[in-house]
Amino acid sequence: MAIWDSMLAQTLRHIPENEWSQSDPGLVATTRRGLALSASDVIDAERARPMLMAIFQGLLSEYDVIVTPTMPTTALPIGQALAEPWVE
């Protein structure tokens with residue numbers, strides 16, 4: 001997550017911290033984590049990236065298609081076109 005956090009931290013880096021409350025709380029949390037990382041943390045993550053990629057390529061090499069959910073939510077009820085937060 002170091003690479004992701006450090007990259008997203010650039011989004012709010014130049015905005016005064018007292019204005020961050022106007023942003024998404026998840027982005028603010030990620031920005032705080034990213035800004036707390038050292039250059040060594042990011043370099044270590046970049047160095048690990050090729051090894052992790054090779055591991056995943058090996059694991060997934062026998063599959064032509066991987067089917068995964070596109071959203072971290074359950075399916076909508078039959079007939080419901082859009083998610084309505086007030087409907088449970």
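1. Contact here means heavy atoms within 4.5 Å. By that rule, and leaving aside neighbours within four places in sequence, A9 is in contact with T31, G34 and L35. This is a predicted model.

2. A9 is found in helix α1. Is A9 buried or exposed? The cut-off for buried is under 20% relative accessible area. A9 has a relative accessible area of 0%, so A9 is buried. Its C-alpha atom lies 7.0 Å from that of R32. Along the chain, A9 and R32 are 23 residues apart.

3. Now look across to T31, one of the contacts of A9. T31 lies in helix α2. Its relative accessible area is 0%, so T31 is buried. Set aside the neighbours within four places in sequence, and T31 is in contact with L8, A9, L12 and W20.

4. Helix α1 covers residues 2-12, and helix α2 covers residues 25-36. How do the two helices pack? Their angle is about 115°, and their axes are 7 Å apart. Angles of 65 to 115 degrees count as roughly perpendicular. That is why α1 is described as roughly perpendicular to α2. The crossing of α1 past α2 is left-handed.

5. Which residues of α1 and α2 meet? From α1 come W4, D5, S6, L8, A9, T11 and L12. From α2 come L27, V28, T30, T31, R33, G34 and L35. By class, the residues of this contact divide into seven nonpolar, five polar and two charged.

6. Helix α1 also packs with helix α3, residues 39-60. Here the angle is about 130°, with the axes 8 Å apart. That makes α1 oblique to α3. On the α1 side, the contact is made by A2, I3 and S6. On the α3 side, D41, V42, A45, E46 and R49 take part. The classes are four nonpolar, one polar and three charged residues.

7. S6 sits in helix α1. It is listed in the contact of α1 with α2, and S6 is also listed in the contact of α1 with α3. Its relative accessible area is 16%, so S6 counts as buried. Not counting residues up to four places away in sequence, S6 touches G34, L37 and V42.

8. Which backbone oxygen lies 3.0 Å from a polar atom of the S6 side chain? The answer is the backbone oxygen of I3.

9. Finish with L37, one of the residues that S6 touches. Where is L37 found? The place is the loop between α2 and α3. L37 has 26% relative accessibility, so L37 counts as partly exposed. Leaving aside neighbours within four places in sequence, L37 is in contact with A2, D5, S6 and V42. The C-alpha atoms of L37 and D5 are separated by 8.5 Å. Along the chain, these two residues are 32 residues apart.

Definitions and conventions. Residues numbered from 1 in each chain as written. Predicted model: local features only at pLDDT ≥ 70, side-chain atom pairs only at ≥ 80, totals over all residues. Heavy atoms only, no water. Axes fitted to C-alpha atoms, helices over the stretch in contact; angles between N-to-C directions. Helix = DSSP H or I, 4+ residues; strand = E, 2+ residues; numbered from the N terminus. Parallel < 35°, antiparallel > 145°, perpendicular 65-115°, else oblique. Left-handed = near helix turned anticlockwise from the far one by under 90°. Nonpolar A, V, L, I, M, F, W, Y, C, P; charged D, E, K, R; others polar. Buried < 20%, exposed > 50% of the residue type's maximum accessible area, 1.4 Å probe, protein only. Polar contact = N/O pair within 3.5 Å; in protein donor to acceptor, adjacent residues only side chain to side chain.
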